Every structure is written in structure tokens, then in C-alpha cells.
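Please keep the sequence and the three-dimensional view at hand while reading.

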Amino acid sequence: MNYNSRPVVFLFYNIDWQIPMTSKLQYAHDSTPNKTYIYCPYSSVSPHSSLLSSCTLPTFQGREYPRPTMWAVELQVMLVVGLLVMLQVQQSLQLRSSHPMHGVVDKINENAGPYIGLVMTFPTEELALIDSTFFVPSSEIPWVDLAGRRFNIGTIKGVDVIYVMTGEQTVNAGITVQILLDTFDIIGTVHYGIAGSSNDSLYIGDVSVPNYVAYTGSWTWKEFKSAEESMTELKFGNFNFPKKGENLLAMIDFTPQQLYSIGKPMEEVFWLPIDPKLFNIASELQDVKLQQCVNETYCLPETPKVVYGLKGSTADIYLDNAAYRKFLFKAFNVSTVDEESAAIVMTSLSNGVPCIVFRGVSDYAGGEGLLSATSLTYLAAMNALSVAVEFIGLFGEEVAIHDH
């Protein structure tokens with residue numbers, strides 16, 4: 001058989017994948033044996049570099065395939081270049097060309113930006129932004145609806161911003177932030193909202209700027225009488241009342257999350273880091289004036305403050321239990337509990353976009369409040385927003401200096 005006359009197929013495979021490629025390449029041979037295959041490894045870290053120089057001809061069935069004729073190689077080179085161009089174009093397209101909002105999104109990205117993505121999770125937090133009048137909508141395209149979410153385009157303190165309300169809990173938060181980052185030219189994610197306090201030194205109205213958040217809603221539920229393996233296991237028998245004892249619910253072990261990010265293999269992590277550069281900028285905001293009075297007749301007994309460097313906990317659970325609150329603080333040293341922060345941070349990390357979180361304390365996650373939950377929620381949201389807005393102003397100045 002004249003191997004030079006056979007069709008040539010370049011097989012590009014990612015060396016960063018955590019799966020063996022031998023079986024896949026063998027299957028390609030077995031299923032279409034009348035073609036010559038050339039293997040071309042590449043890396044996600046630098047997917048466009050030296051693709052052809054790294055290609056090798058395989059040995060199959062005891063003999064090495066001869067190199068194809070020059071015209072075939074030249075043809076494949078042209079095909080490779082075409083594929084790379086297509087890859088570049090695909091990465092730059094925010095929405096498929098058939099999407100009804102494709103032209104609108106392109107215009108938003110061309111008219112202004114890059115943008116800061118401002119993210120909140122439920123209506124009271126958005127209402128605080130609307131009431132504050134900090135956000136100035138764009139006069140040309142003030143908003144666009146995508147996947148049931150409204151993305152609002154405008155400015156805060158002269159900085160280009162797109163804000164969106166995600167909906168509650170981790171799935172809604174993660175989906176919305178991914179749409180935001182895929183669709184628009186975003187240079188940073190700023191998340192503000194309310195939280196419960198699991199730290200007796202963190203009071204209603206205070207704003208926490210954590211440097212780590214964790215998803216504490218992923219467990220391994222262990223069998224009855226299983227051996228204890230770590231200090232962070234929650235043994236239900238320890239919470240029997242009136243005294244400790246055995247419990248058929250046994251215990252749960254908190255498990256890490258799988259973090260996928262650009263140019264890196266998957267890694268299992270428990271604590272998700274806040275971007276250190278954004279955190280350093282935020283640390284300049286300790287003197288921000290926060291709201292202390294709920295109304296004309298009642299003010300909080302403590303003057304609210306901004307607190308830095310604490311840890312936050314996220315789970316798809318509304319925590320209103322004093323015992324579990326105490327456990328979280330003792331086991332993980334978390335000071336705030338919420339339902340979205342970890343999802344927002346993880347999605348930003350996966351996309352290589354820096355992220356920061358501001359959470360205002362609205363309740364004690366199991367303690368009794370002094371006023372109605374609605375009143376405290378609005379005050380906490382407004383305080384978190386106030387810090388976030390000042391941060392956006394500083395961040396905008398940093399970006400302008402860097403660009404200059």
C-alpha cells in the first residue's frame with residue numbers, strides 16, 4: 001500500500017487533561033485504518049505555540065508511517081492555521097451569531113468598558129443600590145436581558161459597571177456570574193450582600209471583607225459508629241439534648257470542592273482565596289461611614305464597622321440554629337454565613353477574573369434580632385453597598401493609573 005496517498009489526519013490533544021489518551025488514539029486507528037494519523041500535543045497554558053513542531057508520526061502494527069507528501073503537509077498546515085483562527089474568533093464572540101441579543105451585546109462591549117461586574121443576589125440588595133442613586137444607567141443601552149436575568153449597564157463614580165441580581169443560592173449565583181463573564185468585557189467581580197454572623201464579635205450592621213470563603217454544604221455522610229478522622233467532622237450525638245450520646249445520624253465530614261481554572265489541572269480546595277490585589281485596595285476603606293440607625297426612633301447600640309481578613313461560609317442553607325452556628329465558628333473559624341459567596345468566587349477564579357466580597361451582617365444566624373428581619377436586612381445591604389461603592393471608585397482609579 002502507498003501510505004503517501006492516504007489521507008492525513010492531525011490529532012490534537014491536550015496534555016493538561018487528566019485522562020490517558022492512548023485508548024482514544026488507538027480507537028481512532030481501529031475505526032478508520034485507511035488514514036495516516038499525526039499526533040500533535042498542546043497545552044492549555046499556551047495552546048497556540050509550536051503545534052506542528054511538536055507533532056510526531058506514530059508506530060502502528062509494527063511499522064512507522066512514512067511522512068506524507070509535501071502537498072499533504074502544506075494542506076494540513078493551512079487547515080491548522082484555519083482552526084487556530086476559528087479558535088480565536090470563537091473565544092472573542094460573547095454570544096452566538098444567531099442569538100437575538102448578539103448585536104446589542106457587541107455594541108455594549110464596544111461603547112464602553114472594560115466593566116466591573118457588580119453582583120447581588122436578591123431584591124432587597126438591589127433596592128439598596130436603586131435607592132442610593134450611586135448607579136447611573138447608560139443613556140444608550142441601559143440594560144439587556146439574558147437567560148432570564150437583567151444585566152444593567154451604567155457607571156458608579158464614573159467607573160463603567162454592569163450589575164446583575166443572580167437569584168438566591170449557589171446554582172443561580174454560579175450560572176449568572178458565568179453568563180456575565182462570558183458575555184461582557186469584565187475586569188473584576190464585586191459582590192455585595194447580607195449575611196448572618198457566626199462570630200460573637202461581629203455585630204448587626206458590620207461589614208465583613210473576607211480573605212477566604214468556603215462551601216460548607218458538601219458532606220460525606222458517614223455510617224453509624226464510624227471512626228472519627230478529623231477535627232472538622234460534625235458528630236450528631238454531641239448535640240443530643242439534654243446530654244451527649246449516640247445518634248443514628250452518626251456524623252458528617254466536610255468535603256472540598258473541585259476547582260477548574262484556566263491553564264491549570266483540576267484541584268480540590270476547601271478555602272477559596274479572595275484576590276489579594278483587590279483585598280489590598282479594599283483595606284483602604286476602614287473609615288467608610290456606615291448606617292447605624294434603622295429609622296428615626298431606633299439606632300443600633302454599636303457603631304457599625306468594616307472588618308477585614310475574616311472567613312466566610314457558604315451553603316444552600318438558611319442558617320437559623322445557634323448550635324450549628326457555634327460549631328461552624330469553632331471548627332472553621334468562619335465569621336459570616338451566606339448562600340452565594342463561594343459560588344461567585346469560584347466562578348470568577350475558574351475564569352481568571354479577580355473577585356472580592358462585601359457582606360453586611362443582618363442577623364446572628366440563630367440568635368434573636370431586636371427588630372424585624374426586613375429592617376435589619378435593608379440596613380445591612382445598604383452598609384455592604386456603601387463599602388462596595390467606595391471600593392469601585394478606588395479600583396477605577398487604580399485601573400486608570402495602570403492604563404495610563
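Trp221 has Ile252 of strand 15 as its bridge partner. The model in which this pairing is found is a predicted one. Strand 13, made of residues 219-221, pairs with strand 15 in the antiparallel sense, and three bridges connect the two. Within this pairing, Thr220 stands opposite Asp253 of strand 15. Strand 14, residues 234-235, also runs antiparallel to strand 15 and is joined to strand 15 by two bridges. Here Leu234 has Ile252 in strand 15 as its bridge partner.

In which order do the three strands of this open sheet lie? The order is 13-15-14, and the pairing is antiparallel. Strand 13 and strand 14 are the edge strands, since each of them pairs on one side only. Helix 7, residues 322-332, lies across strand 13, strand 14 and strand 15, and runs at about 45 degrees to strand 15.

## The protein as a whole

The protein contains nine helices and 22 strands. It has 404 residues, of which 46% count as buried. The accessible surface amounts to about 21200 Å², and carbon and sulfur atoms contribute 55% of that surface. Among contacts with a separation of 6 or more, 74% are between residues 24 or more positions apart.

## Helix 3 and its buried side

Which residues of helix 3 are buried? In this helix, residues 102-111, they are His102, Val105, Ile108 and Asn109. These residues lie on the same side of helix 3, because they cover an arc of only 125 degrees around the axis.

The buried residues of helix 3 pack against several elements: strand 5 (115-120), strand 7 (143-146), strand 8 (149-156), strand 9 (159-165) and helix 5. After helix 3 comes Gly113, which has a positive phi near 95 degrees.

Gly174 belongs to helix 5, residues 170-183. Why does Gly174 count as buried? Its relative accessibility is 15%, and buried means under 20% relative accessible area. Leaving aside residues up to four places away in sequence, Gly174 touches Ala343 and Thr347. Gly174 and Thr347 are 173 residues apart along the chain, yet their C-alpha atoms are separated by 6.0 Å.

Thr336 is located in strand 21, residues 334-338. Thr336 counts as buried because its relative accessibility is 2%. When residues up to four places away in sequence are not counted, Thr336 touches Ala195, Gly196, Ser198, Leu202, Ser208, Lys311, Gly312 and Ser313.

## Cysteines and the disulfide

A disulfide is a covalent bond between the sulfur atoms of two cysteines. How many disulfides does a search of the whole structure find? The search finds one. This disulfide joins Cys293 to Cys299, with an S to S distance of 1.7 Å. The link of Cys293 and Cys299 is right-handed, with 85 degrees about the S-S bond.

Cys293 is partly exposed, since its relative accessible area is 32%. Cys299 likewise counts as partly exposed, at 32% relative accessibility. Cys355, by contrast, is buried, with a relative accessible area of 4%.

Where does Pro242 lie? Pro242 is in the loop between strand 14 and strand 15. A cis peptide bond joins Phe241 and Pro242, with omega at about 15 degrees.

Two residues other than glycine with positive phi can also be described. Thr133 has a phi near 65 degrees, a positive value in a residue other than glycine. Thr133 is placed in the loop between helix 4 (123-132) and strand 6 (135-137). With 59% relative accessibility, Thr133 counts as exposed. Gln169, also a residue other than glycine, has a positive phi near 75 degrees. The loop between strand 9 and helix 5 holds Gln169. Gln169 is partly exposed, because its relative accessible area is 31%.

Note on methods:
Residues numbered from 1 in each chain as written. Predicted model: local features only at pLDDT ≥ 70, side-chain atom pairs only at ≥ 80, totals over all residues. Heavy atoms only, no water. Helix = DSSP H or I, 4+ residues; strand = E, 2+ residues; numbered from the N terminus. Buried < 20%, exposed > 50% of the residue type's maximum accessible area, 1.4 Å probe, protein only. Contact = heavy atoms within 4.5 Å. Pairing = 2+ DSSP bridges. Arc of directions from axis to C-beta. Areas by Shrake-Rupley, 256 points an atom, 1.4 Å probe, with all protein chains shown as cover. Axes fitted to C-alpha atoms, helices over the stretch in contact; angles between N-to-C directions. Disulfide = S-S within 2.5 Å.
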